[in-house]
Amino acid sequence: MRILVLALFFVSLLSAKILIASFNVQNLFDDKTDGTEYADFKKGGKKNWNKEKYEKKIAAVSKDIKEINADVILLLEIENERVLKELASRTGYEYSVFSKGNDKAPVGLGYLSKRQILSVKEYAVPRVKTRPILQIKVREAGRELNLFGAHFPAMKNSLEKRLNAAKTMLRAVHGVKNAIILGDLNSNWDDKFLLKELKNDYTSIWQYKKGWNSYKSGGTIDHIMIKNDLARAVSADFWVYKTKSSDHNALIVQF
């Protein structure tokens with residue numbers, strides 16, 4: 001009996017899967033006015049934002065998150081930690097971490113996780129008012145995975161500012177094993193990709209999902225990239241999940 005139990009245990013380890021997702025939820029502001037919101041979302045703004053609209057939006061985002069059902073999901077354009085924790089409560093996630101780097105920033109980014117978050121580290125982008133790169137570690141099948149979540153400055157910003165964000169990411173992931181880069185990098189997967197220096201070292205979802213878009217109006221500005229040392233060790237499957245609550249689709253990798 002002991003041998004059978006051990007055999008079943010090791011089979012379960014070998015068959016274990018982790019699903020990691022990235023999802024820009026599109027301006028999820030709460031129903032309180034803090035003064036840091038985008039103009040359209042302030043009291044009296046064009047969106048006429050209120051409690052009813054917040055409840056409708058967070059319910060729709062929660063539904064998408066539950067359907068994605070990731071072990072770890074990076075969420076972008078979240079106003080504050082309160083909103084992230086409300087999402088965690090509605091969707092059944094035990095662990096969460098949030099950052100926007102600057103208390104005056106309108107939105108930040110955060111993770112929801114079913115796996116224990118072993119450590120958290122932020123990388124501020126120098127000389128740019130933007131979200132930090134947010135690194136967390138989780139454990140899967142005996143290895144530690146290093147997730148680097150980011151929301152780079154929008155394309156309307158100068159190339160110098162966008163490159164500062166890219167250089168910060170390059171420094172953050174340098175020499176790190178089992179690294180996964182994910183988030184809205186505001187840069188298409190083409191010859192002008194801001195992280196093109198990593199193309200030979202990372203496996204991208206867009207190598208497998210050609211013809212798909214992450215931004216619903218077109219483009220591949222959202223990304224999931226796994227370092228080749230990890231890609232060689234696992235059999236990864238990639239998906240694009242068509243969301244209902246945002247102008248971005250969610251990206252998913254499972255291995």
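Biologist: Why is Asn27 called buried?
Modeller: Asn27 has a relative accessible area of 18%, and buried means under 20% (exposed is over 50%, partly exposed in between; 1.4 Å probe, protein chains only), so buried it is. Bear in mind that this is a predicted model, where local features need pLDDT of at least 70 and side-chain atom pairs count only at pLDDT 80 or more, while totals for chains, interfaces and linings use all residues. Residues are numbered from 1 along each chain as its sequence is written, and side-chain values use heavy atoms, with hydrogens and water left out.

Biologist: What does Asn27 touch, not counting residues up to four places away in sequence?
Modeller: Tyr38, Phe41, Lys57 and Glu77, where contact means heavy atoms within 4.5 Å. Asn27 itself is found in strand S1 (strands are DSSP runs of E, at least two residues; helices are H or I, at least four; both numbered from the N terminus).

Biologist: What makes a set of residues a nonpolar core?
Modeller: They are buried Ala, Val, Leu, Ile, Met, Phe, Trp, Tyr and Cys residues, joined through side-chain atoms within 4.5 Å. The largest such core has 51 residues, and Leu147 and Leu195 touch the most other members. Helix H4 (residues 159-173) gives the most to this core, six residues. A second, separate core holds 28 residues, including Leu28 and Tyr93.

Biologist: Which residues does Leu147 contact, leaving aside its neighbours within four places in sequence?
Modeller: Among them are Ile20, Val72, Tyr111 and Leu182. Gln135 is also in contact with Leu147.
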